[in-house]
Structure formats: C-alpha cells, structure tokens
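Student: I have a model open and would like to learn how to read it. Could you take me through it step by step?

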Amino acid sequence: MKNKIFLSPPDVNSLEKNSLIDAFESNWIAPLGPNVDLFEEEVSDYLDIKSGCALSSGTAALHLALIILGIKKNDIVLCSSLTFAASANAILYQGAQPIFIDSDPSTWTIDIASLEKAIKKFKPKVLIAVDLYGQSCDYDLIADLCNKYKVLVIEDAAEAFGSDYKGKKCGTFGDIGILSFNGNKIITTSGGGMLVSKNEDYVNRAHFLATQSREKKIYYEHKELGFNYRLSNLLAAMGRAQLSKLENFINKRIKIFDRYYNALSSIDGLSFMENADYGKSNRWLTTLTVDTEKTGVSRDEIIQRLEKNNIEARPVWKPMHLQPLYKDCHYISNNSKDISKKLFFDGLCLPSGSNLTQENQLRVIDIILSILK
Ligand SMILES: *Cc1c(COP(=O)(O)O)cnc(C)c1O
C-alpha cells in the first residue's frame with residue numbers, strides 16, 4: 001500500500017521543534033510566557049491590527065467573542081449554515097438562539113439577500129460570518145446591512161488566515177475576528193486560536209476572561225465567571241515558527257489548487273469553488289462540486305475510491321440546519337433552492353496540505369481521472 005495522503009496535515013520541521021525546545025529550556029512552561037506575547041504581537045502586525053489574545057482554540061475565541069459582545073440567554077445570533085460546528089456551538093454555550101443563513105451559490109459564503117431577510121425578520125444582536133475554506137465573505141455588503149440594523153459582527157476566519165478581502169487581511173472585519181491554529185489549519189500550534197480586534201478594550205477583556213477573570217489583587221479575587229482559555233507558552237513558540245512560514249504555505253496551497261484545476265476543471269460536471277473577485281483566498285482546502293448526472297459518478301464514490309487508495313478526501317461541511325443538534329432552529333434562504341444543502345450533497349474537499357508533494361498530488365488526480373473515464 002502506498003503511503004497515506006491526508007486532507008490537511010500539520011507541516012512542521014526542525015524550525016518548530018527548535019522553537020519548542022528553546023521555550024522548554026527557557027523554563028517558561030507555566031503556562032504563560034514571552035512567546036505568548038510575541039505571538040500575539042506578530043499575528044497582530046501581520047494582520048495590521050492593534051492587538052490579539054492567544055487562546056487554547058478557535059472555539060474558545062468564538063465563545064469569548066460572544067460574551068464580550070454581550071450575548072446572553074435567548075439572544076438571537078445569526079450564523080452561516082455552511083460551516084464547521086464550532087461556529088454555531090459557541091452560540092449554544094451562551095444559551096442563545098442560533099438562526100442559520102444560506103450560502104451564495106458562487107462564493108459559497110453567506111448569501112447577502114438571505115442575510116437581509118433574516119435581519120429584518122429576527123432583529124439579531126450578532127452575526128457570525130464564516131470565511132469558508134479560505135474564501136472571504138463580502139464584508140462591504142455585510143457592513144452596510146449590519147451598520148444599518150445595528151447588528152454586531154464576528155468574523156470567523158478560522159479557515160482564512162492569510163486570505164484577504166479588497167487588500168485587507170481576513171480576521172480584521174467586523175467587531176471581533178477569530179483565528180484557529182488547530183492541527184488541520186493553514187498554520188498550527190497543534191491546538192490553539194486567537195481573538196483579534198481593532199478595539200483594544202475587547203482584546204483586554206478577552207485576556208481577563210481567559211485567565212479566570214482574576215481581578216488585579218495580590219490574592220485571588222473573582223467578580224465574574226472566568227475561563228481557562230489561554231494558549232500555553234510552549235505552543236505559542238511553535239506558532240511563531242509556523243507564522244514565519246505562512247506566506248510560503250499560502251503559495252503552496254494556491255499552487256496545489258492550480259494543479260487540481262488544470263488537471264480536472266475541463267471535465268464536464270466538475271466545478272471548482274471560484275475565488276471571488278473581491279479578494280484572495282488562501283486556498284486552505286481545494287473544494288469542488290461533482291454533478292453526478294454529468295460525470296456518471298457520485299461524490300461519495302470518488303471519496304470511497306480515494307479511501308481505498310489510502311487517500312483522505314471529505315465531503316464539504318454538513319450545514320448546521322441539517323444537523324440533528326440544530327434541527328429545531330430557523331434557516332433562512334432567499335433562494336428557491338437550498339444552496340448550502342446542495343453544496344453539501346455535491347461538494348468534495350481534496351487533499352491540500354502545504355506538504356503535499358507533486359508526486360502525491362498526481363496520485364490523487366490520476367485516481368479521479370480513472371474513475372471519471
Ligand atoms: C476549525 C474551525 C473552528 C474552530 O477552531 P478550533 O481551533 O478547532 O476550535 C471554527 N470555525 C471554523 C469555520 C473552523 O473551520
């Protein structure tokens with residue numbers, strides 16, 4: 001059997017290892033330390049934003065973002081339906097009520113007409129807009145709507161670190177942005193995330209909440225419910241090494257996308273996710289849809305054949321409004337067809353790790369070509 005090809009594995013070498021060991025030997029293990037501060041500074045500089053708060057996961061960042069924006073029990077929060085469950089789960093952590101929004105058929109991100117319909121109908125407090133597979137939402141249109149109706153915005157840029165929208169980095173739109181450094185993301189700290197904002201008060205509040213809401217006293221005093229959500233100094237050391245490679249990783253993922261595109265896009269029935277003309281995607285994962293009537297094979301058959309050859313491919317996220325956990329929630333679509341559902345049924349994610357070799361990528365492409373013939 002040939003070696004396993006994963007969807008999006010960590011891409012690390014001696015640089016991360018040495019950075020980790022340096023942090024270890026400096027004895028800053030406890031768990032905060034200088035690498036956490038530097039990682040926050042370096043990510044903020046990269047995004048061209050004032051400050052950030054390094055956290056144990058992107059999910060923790062979403063949870064704190066909702067708390068900081070004042071979301072409480074029974075408040076209404078809108079969220080893209082086509083996303084990973086973490087985006088929506090944070091809403092339930094607060095006892096708030098999620099309402100899901102359909103996707104735009106060309107960008108796959110939140111559909112603006114559906115969003116407007118939902119805002120008018122439900123008067124939500126907050127919107128969680130998700131930059132999907134590296135593709136930015138259309139933030140000018142979102143800002144027009146959300147300013148008009150006084151809806152606060154959280155940008156879930158967990159999949160879009162390094163992507164941009166009209167020349168500015170994803171994560172910096174809306175009131176608060178969140179990033180993830182989970183093992184499968186474009187850079188990783190093995191597990192981790194960050195809350196970023198132009199508003200320094202929000203970021204200071206995140207630091208406070210993430211360290212058990214400990215008051216500034218010599219003894220331990222707590223007025224508010226806090227969390228243990230900070231990123232460890234050891235992991236931040238790894239994150240700094242990874243960050244130095246981010247541009248290189250993005251270029252590699254774009255090249256991987258281009259290779260798939262050149263080999264497969266002329267096949268009738270395969271359509272790749274377009275890069276919206278308002279931005280530049282980091283191409284975290286190469287995604288496409290399979291029209292079974294035209295190709296004669298289903299998306300699932302392609303995944304199974306790849307699996308038999310020790311290659312990991314996956315369906316596009318299952319939308320939240322189709323999840324058993326969220327079956328009683330409202331779902332708003334301005335489309336007569338349910339776009340996010342269709343994307344889930346036809347959508348395929350191909351191996352896209354920055355360490356995928358050309359030779360291994362050809363293995364994936366050859367298998368897909370052989371099924372479609
Ligand atoms: C990965 C991901 C998250 C959560 O990040 P974790 O660091 O794994 O908690 C949130 N939203 C989206 C869209 C993601 O893909």
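**Reading the fold and the ligand site**

Tutor: Let's begin with burial: of the 373 residues in the protein, 57% are buried, where buried means under 20% relative accessible area, exposed over 50% and partly exposed in between (1.4 Å probe, protein chains only). This is a predicted model, in which local features need pLDDT of at least 70 and side-chain atom pairs count only at pLDDT 80 or more, while totals for chains, interfaces and linings use all residues. Residues are numbered from 1 along each chain as its sequence is written, and side-chain values use heavy atoms, with hydrogens and water left out.

Student: How many helices and strands does the protein have?

Tutor: Helices (H or I, at least four residues) and strands (E, at least two) are DSSP runs, numbered from the N terminus. Here there are 13 helices and 15 strands. The protein is as compact as a globular protein of its length, because its radius of gyration of 21 Å is close to the 21 Å that the globule rule gives for 373 residues. That radius is taken over C-alpha atoms, and the rule is 2.2 Å times the number of residues to the power 0.38.

Student: Now the ligand: which residues are closest?

Tutor: A residue is near a molecule if one of its heavy atoms lies within 4 Å of it. The ligand is surrounded by 16 residues, and the closest are Gly58, Thr59, Glu159, Ser180 and Lys185. By class, the shell holds 5 nonpolar, 8 polar and 3 charged residues. In this scheme Ala, Val, Leu, Ile, Met, Phe, Trp, Tyr, Cys and Pro are nonpolar, Asp, Glu, Lys and Arg charged, and the others, Gly among them, polar.

Student: Which side chain has an N or O atom 2.5 Å from a ligand oxygen?

Tutor: Look for polar contacts, pairs of N or O atoms within 3.5 Å; within protein, one must be able to donate a hydrogen and the other to accept it, and residues adjacent in sequence count only if both atoms are side-chain atoms. Thr59 has the 2.5 Å pair. For Asp156, a polar side-chain atom lies 2.8 Å from a ligand nitrogen.

Student: Which helix gives the most to the shell?

Tutor: H3, with 3 residues. Helix H3 also holds His63.

Student: Is His63 buried or exposed?

Tutor: Buried, at a relative accessible area of 5%. The His63 side chain makes a polar contact of 3.0 Å with the side chain of Tyr229.
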